[in-house]
Amino acid sequence: MDQPSDEDNSSQKSSETLLDPPQENVKAIGVLTSGGDAQGMNAAVRAVVRMGIYVGTKVYFIHEGYQGMVDGGDHIVEAKWENVSSILQMGGTVIGSARCKEFRTHEGRLRAAYNLVKCGITNLCVIGGDGSLTGANQFREDWQGLLKELTDDGKIDEETADKYSHLNIVGMVGSIDNDFCGTDMTIGTDSALHRIIEVVDAIMTTAQSHQRTFVLEVMGRHCGYLALVSALACGADWVFLPEKPPADGWEDHLCRKLSKNRAGKKRLNIIIISEGAIDCHNNPITSDMIKDLVVKRLGYDTRVTILGHVQRGGTPSAFDRILGSRMGIEAVLALLEASPETPACVVSLSGNQAVRLPLMECVQMTIGVQKAMDEKRFDDAVKLRGRSFENNLNVYKALSHMKISALPPPTPFSVAVLNVGAPAAGMNAAVRSAVRLGISEGHKMLAVTDGFDGFMNGQIKEIKWGDVGGWTGQGGSLLGTKRTLPVNNLKAIAEQIRLHKISALLLIGGFEAYLGLLELLAGRAKYDEFCIPMVMVPATVSNNVPGSDFSVGADTALNAIADTCDRIKQSASGTKRRVFIIETMGGYCGYLASMSGLSAGADISYIFEEKFDIQELQANVRHLTAKMKTSVQRGLVLRNEHCSENYTTDFIYQLYSEEGKGIFDCRKNVLGHMQQGGSPSPFDRNFGTKIAAKAMQWISDKVNLYYRQGRVFANSQDSACLLGMRRRTLVFQPVSELRDITDFKHRIPKEQWWMDLRPLMKILAKYNVDFDMPIAGKIEHLRQNGTFESRNTIAI
């Protein structure tokens with residue numbers, strides 16, 4: 001961790017001192033938030049300010065959006081490091097947002113240009129929706145003409161006009177609707193989904209008590225993303241979207257479905273509707289219309305809940321904090337690298353990567369979606385939303401309703417599903433998805449309880465469509481799971497495969513599932529029963545499975561840690577100069593400690609993958625000591641549970657307590673298994689649902705491919721795979737090929753993508769560190785379907 005070499009002791013300062021004062025060598029950056037607010041905007045503002053200061057330039061707050069830019073004066077103020085302290089966990093935007101009619105006029109933009117030039121601002125970071133970003137691009141195009149007009153009017157001289165002759169624009173999309181083409185997620189969307197799912201989970205308990213039907217209206221005037229994904233996350237009976245309106249006669253279809261579900265002893269019905277829902281003739285469909293329909297036709301006790309601005313409020317999720325922080329840093333780098341020939345760009349998310357796209361390409365594509373809906377080209381509208389949206393819709397259709405008339409003839413295949421290793425939130429959503437998709441393909445689905453223990457003991461039974469109803473919101477593992485590996489019981493497991501005529505296996509779990517799959521693969525040499533397609537879906541809070549950047553369950557754990565850190569920091573609101581030492585789970589994998597450190601605003605996090613020694617610990621203490629002399633008198637230190645055999649949590653606590661005596665006091669917390677519990681986050685519900693659906697599609701293809709003479713026989717390496725997300729795509733990888741990238745002793749991959757983000761946390765915590773952006777900052781281009789090269793298709 002930024003340790004000096006023995007030959008160069010002077011480099012030690014880079015890990016123990018505060019940043020040097022800003023250098024006057026880069027033109028200033030202005031940051032504003034415009035349009036509707038969104039959770040996570042503050043994380044982006046914080047990152048822009050601190051990254052700007054890190055690179056040696058002034059950063060200015062522009063309060064109240066474009067209105068503040070037009071009004072100038074006290075609305076444009078220089079931002080200091082401490083000004084953005086303790087705002088990560090706050091919803092909304094601390095610098096204010098407003099819609100400004102004056103900025104749409106030439107006179108308003110002229111005043112705004114004058115106010116920016118007075119402050120030396122020629123780099124503008126705009127956080128808002130497509131309207132705000134379009135306005136920024138127009139401002140950039142008008143810039144030189146505005147400066148000429150100011151020069152002609154005598155308000156600025158020619159030297160000033162030459163000095164500030166070019167305006168650079170970089171946008172970040174802050175919108176809970178996720179209605180901007182070119183990015184998998186906009187800032188605020190994940191947090192809005194958290195609010196929606198919290199309400200749905202609460203409603204479900206009262207609805208079951210009274211056998212009620214609930215109609216839940218969510219935001220999304222022109223985009224049905226929130227409605228679609230929340231419907232997928234809670235297993236709603238029906239969803240109404242503006243991009244995919246129901247066909248004529250939908251009233252009869254809806255009533256038939258609700259009555260069939262109720263006849264199947266389902267005690268509640270959930271209908272989710274986007275506020276902009278329409279029918280196929282572009283006529284609005286309202287929540288009251290649906291309620292009246294259900295009451296009149298079916299006589300069900302029906303209630304309407306309109307969430308409204310609750311979706312905009314509350315604490316941002318860990319995902320949005322990390323997203324805002326990464327986008328803010330990338331935005332500053334894009335501004336510094338921009339030239340007069342560089343088009344205005346927007347920072348977007350593709351898989352787990354931040355990318356830059358031409359702003360107006362994205363805006364035009366977004367406008368194209370609305371145009372397609374206005375012209376009733378709804379299939380085109382869905383495609384223009386991108387493959388992620390289309391994939392969500394297809395998976396929802398496949399899982400929400402079993403159409404007996406549309407089912408294919410039964411296949412001769414039986415597919416077994418089991419959970420292996422420690423429980424992880426989202427496992428149940430993955431099982432539900434696999435079971436229902438398998439049934440819709442005509443397969444017989446078998447559930448194995450208690451992992452490989454249950455497998456060898458014959459705890460295997462058929463599982464039906466209705467058996468997995470309501471599983472998406474359940475934490476833990478309803479099938480039961482154990483860490484037992486199969487290596488000593490291969491004969492018994494092979495016998496069970498033969499007895500139950502199992503044609504394929506789906507394993508859902510963590511590192512134990514990975515090891516178990518390797519052992520089953522090795523067992524093929526002795527037992528032909530293992531010559532069947534086998535695939536693994538990674539599910540573990542530790543996120544330590546080789547071959548996948550993300551695992552089901554890790555996002556829920558991150559949110560649990562971030563929420564706990566927020567509460568711990570709040571407990572010190574009346575106490576000055578206090579440092580908290582917090583231990584996280586993860587085994588030898590530092591993912592939770594690193595990413596929760598980024599989301600919670602930690603000062604440092606200690607992990608196994610990044611070695612540290614006593615000098616580093618002492619340097620960190622000196623860093624916190626210097627911090628306590630500022631107005632920010634609180635520290636947060638995270639420690640991965642196995643980061644060091646000797647530098648234990650108790651040791652670090654005692655060291656900090658002793659070295660900080662008289663300056664700050666310390667408290668320690670071990671979070672423990674609370675990180676594994678709780679209801680799955682929206683991300684984990686949907687990631688589990690979609691990755692398991694893709695795994696089942698792979699199984700269907702493979703059993704058909706390898707079916708010969710009345711049995712399935714698969715003995716190739718690519719018939720035993722791990723399905724993981726790599727950078728931007730879901731990839732099936734032969735598990736045998738993952739051995740070389742695995743550190744089996746410490747149960748982690750040898751290379752981990754999130755290590756590239758470690759310097760970001762240190763920069764935002766005011767450390768001097770060497771930082772090279774791991775991804776080249778070139779601008780990519782959109783395709784006509786709203787995606788770009790290798791766009792991720794599983795982002796929530």
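Trainee: Why is Ser503 called buried?

Mentor: Ser503 has a relative accessible area of 7%. Buried means under 20% relative accessible area, exposed over 50% and partly exposed in between, with a 1.4 Å probe and protein chains only. The value of 7% falls under the cut-off, so Ser503 is buried. Before we go on: this is a predicted model, in which local features need pLDDT of at least 70 and side-chain atom pairs count only at pLDDT 80 or more, while totals for chains, interfaces and linings use all residues. Residues are numbered from 1 along each chain as its sequence is written, and side-chain values use heavy atoms, leaving out hydrogens and water.

Trainee: Where is Ser503 placed, and what is it in contact with?

Mentor: Ser503 sits in the loop between helix H16 (490-499) and strand S16 (504-509). Helices (H or I, at least four residues) and strands (E, at least two) are DSSP runs, numbered from the N terminus. Contact means heavy atoms within 4.5 Å. Leaving aside neighbours within four places in sequence, Ser503 is in contact with Pro412, Phe413, Ser414, Ile532, Pro533, Val703 and Val712.

Trainee: Ser414 also belongs to strand S12. What makes S12 mostly covered?

Mentor: In strand S12 (residues 414-420), seven of its seven residues are buried. Ser414, Ala416, Leu418 and Val420 are buried on one side, and Val415, Val417 and Asn419 on the other.

Trainee: How do you know that S12 pairs with strand S13?

Mentor: Two strands pair if DSSP finds at least two bridges between them. Five bridges join S12 to S13 (residues 444-448), and the two run parallel. Leu418 stands opposite Val448 in S13.

Trainee: Is Asp248 buried or exposed?

Mentor: Asp248 is exposed, because its relative accessible area is 58%, and the cut-off for that label is over 50%. Asp248 lies in the loop between S7 and H8. Leaving aside neighbours within four places in sequence, Asp248 is in contact with Cys280 and His281.

Trainee: Which label does Glu64 get?

Mentor: Glu64 is partly exposed, since its relative accessible area is 33%, between the two cut-offs. Glu64 is found in the loop between strand S2 (59-62) and helix H2 (65-71). Its phi is near 60°, a positive value in a residue other than glycine. Most residues other than glycine have a negative phi.

Trainee: And what about Ser86?

Mentor: Ser86 counts as partly exposed at 31% relative accessibility. Ser86 lies in the loop between strand S3 (76-78) and helix H3 (106-118), and has a positive phi of about 60° although it is not a glycine.

Trainee: Which strands are the edge strands of the open four-stranded sheet?

Mentor: The strand order is S7-S8-S6-S9, with parallel pairing. Strand S7 (238-240) and strand S9 (302-306) are the edges, as each pairs on one side only. From one strand to the next, the twist averages 15°. Inside the sheet, strand S6 (residues 213-218) and strand S8 (residues 269-274) pair in the parallel sense over six bridges. Helix H6 (residues 189-210) packs on the sheet, touching S6, S8 and S9, and its direction makes about 170° with that of S6.

Trainee: Why is H10 called roughly perpendicular to H18?

Mentor: The axes of H10 and helix H18 (residues 554-571) come within 8 Å and cross at roughly 85°. Axes are lines fitted to C-alpha atoms, for helices over the stretch in contact, and angles run from 0 to 180 degrees between N-to-C directions. Angles under 35 degrees count as roughly parallel, over 145 as roughly antiparallel, 65 to 115 as roughly perpendicular and the rest as oblique. Therefore H10 is roughly perpendicular to H18. The contact is made by Ala318, Phe319, Arg321 and Ile322 of H10 and Asp555, Leu558, Asn559, Ala562 and Asp566 of H18.

Trainee: Finally, what makes a set of residues a nonpolar core?

Mentor: A nonpolar core is a set of buried Ala, Val, Leu, Ile, Met, Phe, Trp, Tyr and Cys residues joined through side-chain atoms within 4.5 Å. The largest here has 169 residues, of which Met172, Ile272, Leu506, Tyr591 and Tyr656 touch the most other members. Helix H10 (residues 318-337) gives the most to this core, with 11 residues.
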